[in-house]
Amino acid sequence: MSDQFDVIIVGAGQAGAQTAISLRQGKFTGSIGIIGREDYFPYERPPLSKEFLMGEKDEERLFLRPDIFWSQNDITVLTGQTVTDVRTNEKQIATFSGRTIGYQKLVWAAGGDPRPLPIPGADADCVRYIRTLNDIKNIRANLDQIQHVAIIGGGYIGLEAAAVLRKLGKDVILIEVADRLLGRVCAEPVSTFYHQAHTENGLSIRLNTRVEEIVSKDQIGALLKLHESDETIDCDLVIVGIGIDPCVAVLQEAGAAVNDGVLVDQFCQTSLACVYAIGDCAYHENVYAGGARVRLESVQNAIDQGKVVARHIIEKPAPYTALPWFWSDQYDLKLQTIGLNIGYDETVLRGDPLDRSFSLIYMKNNEVVAIDAINRTIDYAQGRLLINKGIKPDADDLANPLLPLKDIALNSVMQTPPV
């Protein structure tokens, strides 16, 4: 069976959906096809580990657009299809089901898969990951029979799931191999604050701890054997959240340049002709990382790169220069991050963590490069005025929570001598 589309988008997540939507908004009249591995139309993932797991958000509210939207906008969504081959010479892709589809432009928005736990027993029935709608539906379906939960991984996903499960009254232990929580994304003051907040809410946290083996029990659950220890942890459910691996193998086999993601230029073009890559799997140069290549796993990145590709396809090119932002909801704490703290050499604490409302400002060469705002949305909103503007605000001013960041930015600009 053969089909042909002017634009084929591989991946039915936020990035792929945004590309199709932006193409139609840009008056693109060619045919568009979206291919997704799951049996669902495009939906948002961030609520999965929060509101949806908690039962506060219905499945229908996860979908980015009503089903009828795609047909009304002449966008074909092919669900339950896995792309196994990209044939750039023929401008064709092939799927696991044997389908061959031709394209003029290919957008690779395949995202990533949960990084598997590389230990014996990781395929036990009680081991779950948090990545897809079905992942969470399976967890929710068995929650009544689950009381003791072990979470492996102290990043955003693990902590968000821990917060929800504690709210649901489950006994939860979180195991992290590093010496602090959120070690890959934030500085020590934020890690310490979240460690204390989770402990106060009854979460048991084990740092510097590695699970060596998962041994299934006869009925439900498993025993976790810890590395270099006789101790075991008895649990009904194991949730693994140790990151994702970008889905790049198919493009790599087709000849695309790959390094922790698919290498792309400022317009998200890969090294393959007429092939773009966006979202979680795109390894791009970012101006907010000093031009270094990064791979960002965020809604912001997915949306903005989708728009960049759409503009390039309709021949109204604009390079990717979006300011990165992220967020995480845990208990009554909203963490909002703006900018990238890569290579920071100083931090400024703004406010008091004991008030459960403060910001941590990241500096590099006396310039603001990123801000973590916890229950301080105003700092998050105004902080973009300070980031990478070539100005050097006074650290004492930044530390004063009574001084609005927009005023500090304005004063700093006025005091900065022209070059």
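**Ground rules.** I worked on a predicted model, where local features need pLDDT of at least 70, side-chain atom pairs count only at pLDDT 80 or more, and totals for chains, interfaces and linings use all residues. I number residues from 1 along each chain as its sequence is written, and side-chain values use heavy atoms, with hydrogens and water left out.

**Helix H1.** I looked up H1, residues 14–25. Helices are DSSP runs of H or I with at least four residues, strands are runs of E with at least two, and both are numbered from the N terminus. The expected span is 1.5 Å times one less than the number of residues. For the 12 residues of H1 that gives 16 Å, and the end C-alpha atoms are 16 Å apart, which agrees.

I then checked burial (buried is under 20% relative accessible area, exposed over 50%, partly exposed in between; 1.4 Å probe, protein chains only). In H1, 11 of the 12 residues are buried, so the helix is largely enclosed by the rest of the structure. Among them are Gln 14, Thr 19, Ile 21 and Arg 24. Just after H1, I noted a positive phi of about 70 degrees at Lys 27.

**Thr 132.** I found Thr 132 in the loop between strand E8 (127–129) and helix H4 (133–141). Thr 132 counts as buried, at 19% relative accessibility. Contact means heavy atoms within 4.5 Å. Leaving aside neighbours within four places in sequence, Thr 132 is in contact with Glu 38, Tyr 43, Arg 45 and Leu 48.

**Cysteines.** I searched the whole structure for disulfides (a pair of cysteine sulfur atoms within 2.5 Å) and found zero. The closest cysteine sulfur to that of Cys 247 is in Cys 281, at 7.4 Å, too far for a bond. Cys 247 is buried at 14% relative accessibility, and Cys 186 is buried at 5%.

**Voids.** On a 1 Å grid over the protein atoms alone, a cavity is a set of points where a 1.4 Å probe fits but cannot get out; a pocket is an open set with protein on both sides within 12 Å along at least five of seven lines; lining residues have an atom within 4 Å of a point. Grid points are joined across faces, edges and corners, and a volume is the space filled by probe spheres set on the points.

I put the second largest pocket at about 230 Å³. Of its 16 lining residues, the closest to the centre are Asp 125, Cys 126, Ile 220, Gly 221 and Asp 236.

I found one cavity of 30 Å³ or more. The largest cavity has a volume of about 40 Å³, and its lining includes Val 264, His 284 and Tyr 320.
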